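Here is a brief report for a first look at this protein. Start with the picture, then read on.

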Amino acid sequence: MPQAIHISPIDNVVVALHPIAKGTLVEVDGLAVTALEDIPQGHKMAVKPIKNGENVIKYGFPIGHATADAQPGTWMHTHNVHTNLSGEVEYSYNPAPDLAPLPKVEPETFMGFRRKDGRAAIRNEIWIIPTVGCVNDIAKKIVADNQDLVTGSIEGLYTFTHPFGCSQTGHDHAQTRKLLAALVRHPNAAAVLVLSLGCENLTHEQFLTELGEYDHDRVKFLTCQDVEDEFAAARDILKELAAYAGQFQREPIPVSDLVVGMKCGGSDGLSGITANPLAGSFSDWLLARGGSALLTEVPEMFGAEQLLMNRCRTEETFRASLELINGFREYFMRYGEPIDENPSPGNREGGITTLAEKSLGCVQKSGTAPVEDVLLYGEQRRADGLSLLQGPGNDLTAVCALAAAGAQIILFTTGRGTPLGCPVPTLKISSNSPLAAKKKNWIDFDAGRLLSGSPREELTRELADLVLAVASGRQRAKAESFDKSEITIFRDGVTL
């Protein structure tokens with residue numbers, strides 16, 4: 001394995017693929033530089049003189065500027081690199097000259113479930129959706145008491161608890177309604193029980209209005225204050241829902257019906273070199289076959305947003321992406337928060353110095369396809385292909401937003417490791433092989449093999465086979481063995 005990688009010919013830094021000791025001669029792409037200090041794995045080392053104030057270049061783009069002169073061999077990190085990011089930015093629509101649909105490939109199939117409205121699902125589950133946190137424990141007990149209904153083609157009975165639905169106002173109240181109603185519509189839920197208390201400010205009437213038309217056999221409601229024994233009442237309703245859900249059987253479905261969400265968390269300096277580009281290669285593989293991908297974590301587009309904007313197919317989509325980006329910048333500034341404060345302690349320990357650096361690695365999960373649409377939080381996918389989705393970087397909030405938008409499965413890349421799950425199967429892709437070896441109960445796929453010579457095309461096909469196996473029910477995501485009952489909803493307002 002080489003000692004370091006020089007990602008772009010114009011980069012003035014390289015990334016250590018394993019720890020480099022002080023005094024080691026590093027040779028890469030015709031460059032020969034002696035490390036002036038220890039360089040941890042995933043961290044950056046200068047390979048050209050960098051003056052104080054000069055941009056540090058990685059991925060072929062500035063990730064920040066040096067705060068002191070640096071000689072070749074210098075460790076470049078938070079102690080001597082600072083962000084270039086600021087407030088709102090003026091953008092113009094400059095579509096990439098090679099912007100074009102991916103070459104079409106005849107879609108293969110997976111064994112999924114076809115819903116009565118025509119949508120595809122990869123799981124056949126019964127979901128209980130609480131409209132307010134007050135009934136969380138009731139929902140959990142109902143799930144525990146009715147596991148005997150999980151028979152035949154029914155693959156699980158789950159609830160997704162949260163602390164919201166009451167004492168919320170305005171925008172927060174609306175976002176709670178939108179997110180919960182979107183989950184009720186999710187195709188992986190063959191049948192749904194919406195569980196209410198009765199006095200919350202997310203009223204039954206409001207929820208019905210948000211939900212719109214629905215299949216009365218698939219979705220049923222229970223208000224706990226209206227019945228003497230909510231557990232007996234829930235049992236009766238769940239028997240009806242189980243009879244409805246049990247009629248669905250797996251059948252061949254083209255991968256053009258797959259919607260995959262893209263997320264990263266616990267990233268390190270190798271995430272943008274291995275796991276994220278591999279996820280992007282899979283996205284291109286899927287979209288060439290008519291499938292769809294969703295990219296969220298808007299703050300982790302800061303510094304790389306122009307790359308995404310230039311891939312917008314139309315000027316209308318570009319304008320929507322501009323509002324998406326600057327809307328999140330305004331959100332930060334409204335609370336007096338600096339735009340660049342994103343990389344977590346784990347990110348920084350793993351080698352990520354600035355938000356722009358993180359973003360340039362993060363957006364690679366989107367592959368190379370044109371951006372077809374921009375979705376607000378709680379909205380569901382409208383267009384085939386690649387869509388950008390409003391959502392924060394917070395892992396649990398973002399994966400729930402992806403599920404609500406219609407993702408049947410999520411690819412979650414990580415360099416540090418996480419057991420995170422959500423209402424839909426969430427596959428973990430490690431950026432480095434030591435993590436995959438250490439956390440076998442968390443990691444589903446090792447993208448670190450790219451560094452040891454495994455061809456990218458070969459690993460893309462292997463990842464696609466894994467996704468199809470999980471979609472077909474032949475395999476489970478590691479996170480599906482954990483409790484996935486808790487969700488969180490993006491909030492920005494007053495709690496009464």
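## Surface and charge

This is a predicted model. The accessible surface of the protein chain comes to about 19,000 Å². Carbon and sulfur atoms account for 51% of that surface.

The protein chain carries 46 positive and 62 negative side chains. The centres of these two sets lie 4 Å apart.

## Overall build

The protein chain has twelve helices and 23 strands. Its C-alpha atoms fill a box of roughly 75 × 45 × 40 Å, taken along the principal axes. For 496 residues, a compact globule would have a radius of gyration near 23 Å, and the 24 Å of the protein chain agrees with that.

Buried residues make up 59% of the 496 residues. Take the contacts between residues at least 6 apart in sequence: 72% of them join residues at least 24 apart.

Most residues other than glycine have a negative phi.

Asp29 lies in the loop between β3 (25-28) and β4 (31-34). Phi of Asp29 is positive, near 50°. Asp29 counts as exposed because its relative accessibility is 57%, and exposed means over 50%.

Ser167 lies in the loop between β13 (156-159) and α2 (170-184). Phi of Ser167 is also positive, near 60°. Ser167 has 26% relative accessibility, so Ser167 counts as partly exposed. That class runs between the buried cut-off of 20% and the exposed cut-off of 50%.

Note on methods: Residues numbered from 1 in each chain as written. Predicted model: local features only at pLDDT ≥ 70, side-chain atom pairs only at ≥ 80, totals over all residues. Heavy atoms only, no water. Helix = DSSP H or I, 4+ residues; strand = E, 2+ residues; numbered from the N terminus. Rg over C-alpha atoms; globule rule 2.2 N^0.38 Å. Buried < 20%, exposed > 50% of the residue type's maximum accessible area, 1.4 Å probe, protein only. Contact = heavy atoms within 4.5 Å. Areas by Shrake-Rupley, 256 points an atom, 1.4 Å probe, with all protein chains shown as cover. Lys, Arg positive; Asp, Glu negative; His and termini not counted. Charge placed at Lys NZ, Arg CZ, Asp CG, Glu CD.
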